[in-house]
Amino acid sequence: MIYSHRLNYENINLNPNSALFPVYFQKKVIYSACYIIFFYLILSNLIMLLMYLPEWIQKFKEPRTEIKKVGGHFYKYQVEYRYNKNKKRTDKITIGLLGKITQEEGFIPSDKHLLKQKEGRINDPGKVDIKMYGVYGLFSELLEEEIKGLGTIFSSKDLEVLLTVAMMRFAHEAPIKRMQRLHHHDYCSLFWHKTTLTDKIITDTLRYIGENRQLIIDWMRTRLSDKKESPLQEYIMIDSTHITTTSNLLNVNAIGYNPAKNFDEQIRLMYMFSSALKQPVYYRLINGNITDVSTMKLCVEEMNVENVIFIADKGFYSQTNVKTLNNNKLKYIIPLYRNNKLIDFTPLQQGDFKKRSQFFIYENRVIWYYSYQKDKQKFITFLDEKLRTEEERDYILRMETHPEEYTREGFDKKLNTFGTLTFTTNTDVEPQELYEKYKQRNEIEVMFDSYKNFLKADRMYMQNRIVLEGWLMANFIAMIAYYRLYQKLIQAKQLSKYSPKDIIEISKSISKVKINDQWKTAETTKKTRDLLEKLKIDYLMERS
């Protein structure tokens with residue numbers, strides 16, 4: 001029929017200007033389209049016949065795989081389905097070749113697929129016969145009490161991952177991407193998370209912990225609730241430090257003040273340090289442009305503690321800061337620069353100064369002091385005569401080497417200020433205790449220095465605020481272990497010979513080997529055993 005119509009129209013000699021020409025042209029277009037569709041259907045059927053999978057190969061079809069016929073042979077590929085936001089539909093993505101399929105031999109895995117399967121077997125922690133043991137033994141012994149306390153707050157599944165992350169930070173300063181391999185070869189993998197520890201598992205666990213800060217607070221409170229020291233020993237010092245971060249997704253990093261005068265974006269970490277426990281007891285992440293004074297009250301309320309003292313550095317003092325601390329009912333010890341006009345050096349100029357003043361002994365040094373009020377503030381000035389003599393001598397020597405900066409007139413002007421230290425405070429603490437508390441500020445500085453250098457956490461790259469909260473918890477646990485080890489070195493009088501890092505490196509050399517399906521501690525040197533015995537670290541004896 002179509003052919004006859006085509007002949008009829010072809011036999012008509014139409015003039016392009018004729019009224020019948022548009023009808024003729026429209027018919028020609030329709031016929032051409034019909035021919036194209038007809039040939040396309042024939043071609044599609046031929047392709048389907050060529051790609052047809054015979055019945056014997058159907059048994060090799062599996063979910064998320066695809067079998068293709070290429071060059072007369074059948075190949076099996078792994079595929080996955082991903083949603084395409086631009087196309088607004090799901091795309092099928094070929095991941096890689098799994099192998100070849102023949103009717104005689106069946107499925108023949110490719111060499112690359114075999115290597116991946118072999119790597120998967122290696123990732124089973126239970127199939128490693130030599131594991132690092134010393135780090136796990138040291139870490140779990142140092143934190144024995146904390147691990148028990150954490151076990152009452154967190155599920156065993158989450159706690160095992162958290163402890164693993166904390167230990168990897170403590171011993172290796174490791175980022176998340178290195179932790180799977182470290183966990184795989186460490187003895188902790190037989191107790192903490194016995195399967196492969198992937199990046200996703202770590203991130204998901206840290207996210208859960210970060211989302212549940214109240215659990216963290218509950219645990220931190222329990223560490224102080226059972227202590228029965230006297231009130232003077234229970235004082236907790238509070239201070240903050242800055243951490244540089246370049247993430248654009250945290251929403252808490254901002255340009256703010258820091259002593260280094262670094263104008264990179266930063267976050268701030270507020271820490272509380274127990275003078276009785278000699279270790280950190282609280283932390284909180286705050287925005288990088290928030291000042292210490294404005295956030296301290298909230299931190300104290302969150303921790304629900306009373307005897308908290310803010311021990312400032314000499315650059316902190318101002319009447320505005322003091323007023324803010326008083327209005328928020330926060331206790332403080334603030335040192336003043338010696339050139340501050342509020343300091344009264346008049347008593348030191350009097351010949352009978354020592355008759356009018358009191359003293360105490362601090363580290364075999366005589367410390368004189370006197371108290372006074374000015375502008376409704378309480379001040380105490382201390383004089384360390386040994387320090388005074390040293391500073392006088394130093395100034396006189398500099399008069400010889402730097403006469404343009406150090407003169408006799410300058411010496412006379414500073415004569416009554418050498419060896420002095422002045423505080424303003426709103427506490428009822430006795431002067432001796434006040435002086436000792438201020439000297440303990442160095443422990444906070446050591447803690448911040450350890451946090452940034454020992455854990456290599458002076459710069460952060462986290463991209464998620466909630467995961468960062470969990471990451472900070474792991475670092476906090478690592479810092480507690482560090483301070484436990486630090487105190488053991490002090491008590492054993494070994495700090496002059498070894499640092500905490502040295503003990504960790506020694507522990508890394510202690511391994512467990514599987515012999516006849518039983519784990520045995522590998523040989524260690526007598527020097528190592530004697531050192532651990534001095535430190536009263538006994539995991540080699542009790543945990544082997």
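Student: Among contacts between residues at least 6 apart in sequence, what percentage join residues at least 24 apart?

Tutor: It's 61%. Keep in mind that this is a predicted model. A contact here means heavy atoms within 4.5 Å.

Student: What else can you tell me about the protein overall, say how many helices and strands there are?

Tutor: There are 20 helices and 17 strands. Of the 544 residues, 44% are buried. The exposed surface comes to about 31,400 Å², with carbon and sulfur atoms supplying 52% of it.

Student: Let's do rings. Why is the pair of Phe411 and Phe418 called tilted?

Tutor: The whole structure has 36 aromatic pairs. In this one, Phe411 and Phe418 are 5.8 Å apart centre to centre, with 40° between the planes. Rings pair if their centres lie within 6.5 Å, and planes under 30 degrees apart count as stacked, over 60 as edge-to-face and the rest as tilted, so this pair is tilted.

Student: And what makes Tyr482 and Tyr483 edge-to-face?

Tutor: Their planes make an angle of 80°, and the centres are 5.6 Å apart. The angle is over 60, so the pair is edge-to-face.

Student: Which residues do ring pairs link into a cluster?

Tutor: The cluster holds Tyr133, Tyr136, Phe139, Phe170, Tyr187, Phe191, Trp192, Trp519 and Tyr539. Tyr133 also has the charged end of Lys512 over its ring.

Student: How do you know that Lys512 sits over the ring of Tyr133?

Tutor: The charged end of Lys512 is 4.6 Å from the ring centre.

Student: Now strands. What makes β14 mostly covered?

Tutor: Six of the six residues in β14 (residues 420-425) are buried. On one side these are Thr420, Thr422 and Thr424, and on the other Leu421, Phe423 and Thr425, so both faces are covered. In a regular strand the side chains alternate between the two faces of the sheet.

Student: How do you know that β10 and β13 pair with β14?

Tutor: Two strands pair if there are at least two bridges between them. β10 (residues 331-336) and β14 have four bridges, so they pair, in the antiparallel sense. β13 and β14 have six, so they pair as well, again antiparallel. Opposite Thr424 in β14 stands Ile334, while Lys378 faces Thr425.

Student: Why do β1 and β4 count as edges?

Tutor: Four strands make an open sheet in the order β1-β2-β3-β4, with antiparallel pairing. β1 (65-70) and β4 (106-109) each have a single partner strand, so one side of each has no neighbour in the sheet. From one strand to the next, the twist averages 50°.

Student: What makes the phi of His193 and Asn364 worth a look?

Tutor: Most residues other than glycine have a negative phi. His193 has a positive one, near 55°, and Asn364 has one near 65°. His193 is in the loop between α7 (176-184) and α8 (199-211), and Asn364 in the loop between β11 (358-362) and β12 (365-374). At 11% relative accessible area His193 is buried, whereas Asn364, at 79%, is exposed.

Student: Last one: why is Thr525 called partly exposed?

Tutor: Thr525 has 48% relative accessibility, which lies between the 20% and 50% limits, so it is partly exposed.

Conventions:
Residues numbered from 1 in each chain as written. Predicted model: local features only at pLDDT ≥ 70, side-chain atom pairs only at ≥ 80, totals over all residues. Heavy atoms only, no water. Phe/Tyr/Trp six-rings, centres within 6.5 Å; stacked < 30°, edge-to-face > 60°. Lys NZ or Arg CZ within 6 Å of the ring centre and 35° of its normal. Buried < 20%, exposed > 50% of the residue type's maximum accessible area, 1.4 Å probe, protein only. Helix = DSSP H or I, 4+ residues; strand = E, 2+ residues; numbered from the N terminus. Axes fitted to C-alpha atoms, helices over the stretch in contact; angles between N-to-C directions. Areas by Shrake-Rupley, 256 points an atom, 1.4 Å probe, with all protein chains shown as cover.
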